Amino acid sequence: MKEFQDFSQVFFEETGLSLSSRVPLADYSSFRIGGPADYFIEVHDLTELAAAVKAARKYNFPFYVIGGGYNLLFDDAGYRGLVIRNSASGLQFRPEEGSLEVASGTHLSELVGQTIQEGLAGLEFLAGIPGTVGGAVFGNAGAFGQAIGDRVLAVTVLYGEGQEQTLCPEELHFEYRYSSLKKDHKIILRATLKVEPGSRPEMLKKVEDYLNQRARKHPPGQVPCAGSYFKNPVLPGGCKIPAGQLLEQAGARGMRVGQASVYPGHCNFIINLGGATARQVLTLAAELKEKVWQTTGIRLEEEVIFVPADASML
Ligand SMILES: Cc1cc2nc3c(=O)[nH]c(=O)nc-3n(C[C@H](O)[C@H](O)[C@H](O)COP(=O)(O)OP(=O)(O)OC[C@H]3O[C@@H](n4cnc5c(N)ncnc54)[C@H](O)[C@@H]3O)c2cc1C
């Protein structure tokens, strides 16, 4: 990383966009945890997103792109570089092709709502999953036996010095909570998703059912957390065991480190009781993993992504 007196000056000259400095990342994570980012920008369209990423790459300045911040645990030390919050939203329907194109900063709630409005079906299972299309494609978000990767026809990404590339699903290697984008630091600009004509009342009924099921299992919206903390382990035959069940059996209920606690309603959620630190969450998560390992011989893997202060998408 080059030493800059003030990267915001260089960035403004490159992009015409202004950066904020010393921005508390706790404000941009559903966990409500995280120290200050040296620099921060919220981008509102894909041109701004591309310009911000290209400028950071041109100057070899560490950066990290986030969507809604619903699957992240930021470092107590914050972030040494530029955090780019992607709010580039927009949808284009192509019913004759059985598809739609969506900008990566579009919230899933907006995607689902507008798709139903258009009378197009297939994305109802995404209802209630918080976050953006970019975050969802990155981690192949899903629920109720379906995942966004099942619906992806193409994803346009930004890579290298700022070239665009359109990837097909085979190149993205979607698996349970995984895409190849987790490995290669490509920035998601847009996704083309498969949809089909459907009945609005039926779609609305499905969404209502999904939301009701989620409300029974998940912490209420105001409880700070980042969703399921661990992935459900997949056995060699392909069968998944709920991590919550393993944690419950291992005695996770009631466990707590400082202000980080296991959610009483579902052991696979770690919640912030108020003022929890990333260190406390990581310590609790390590203790939970150890308990499950000791009782079952199964190693849980994190679904929540810890972003260390020196992480980078360069
Ligand atoms: C209450 C609750 C319930 C949840 N339920 C579910 C569920 O049922 N199923 C599920 O799968 N998840 C669930 N989650 C987790 C979360 O909603 C998903 O992981 C979601 O896809 C995160 O999207 P985001 O925009 O918030 O991504 P962020 O948390 O902001 O980012 C996640 C990762 O994606 C990367 N990323 C984001 N945008 C881009 C981009 N444009 N280009 C490249 N990389 C990018 C980030 O760098 C980061 O590594 C839940 C979370 C909460 C808080």
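Biologist: Hi! Which domains is the chain divided into?
Modeller: Domain 1 covers 15-86, domain 2 covers 91-216 and domain 3 covers 220-307, with bounds from an automatic or database domain assignment. This is a predicted model, where local features need pLDDT of at least 70, side-chain atom pairs count only at pLDDT 80 or more, and totals for chains, interfaces and linings use all residues. Residues are numbered from 1 along each chain as its sequence is written.

Biologist: How many residues does the contact take from domain 1 and from domain 2?
Modeller: It takes 13 residues from domain 1 and 15 residues from domain 2, counting two residues as in contact if their C-beta atoms, placed from the backbone, lie within 7 Å.

Biologist: And what gives the largest share on the domain 1 side?
Modeller: Helix 2 (residues 46-58), with 6 residues. Helices (H or I, at least four residues) and strands (E, at least two) are DSSP runs, numbered from the N terminus.

Biologist: Switching topic, how many residues surround the ligand?
Modeller: There are 32, and the closest are Gly67, Gly131, Gly134, Gly135 and Gly227; a residue is near if its C-beta atom, placed from the backbone, lies within 6 Å of the molecule.

Biologist: Which elements give two or more residues to that shell?
Modeller: Strand 3 (63-66), helix 4 (133-139), strand 9 (142-143) and strand 13 (187-194). Helix 4 gives the most, with 5 residues.

Biologist: Nice! What does Leu73 touch?
Modeller: Leaving out residues up to four places away in sequence, Leu73 touches Phe31, Ile33, Ala226, Ala278, Val281, Val304, Ile305, Phe306 and Val307.
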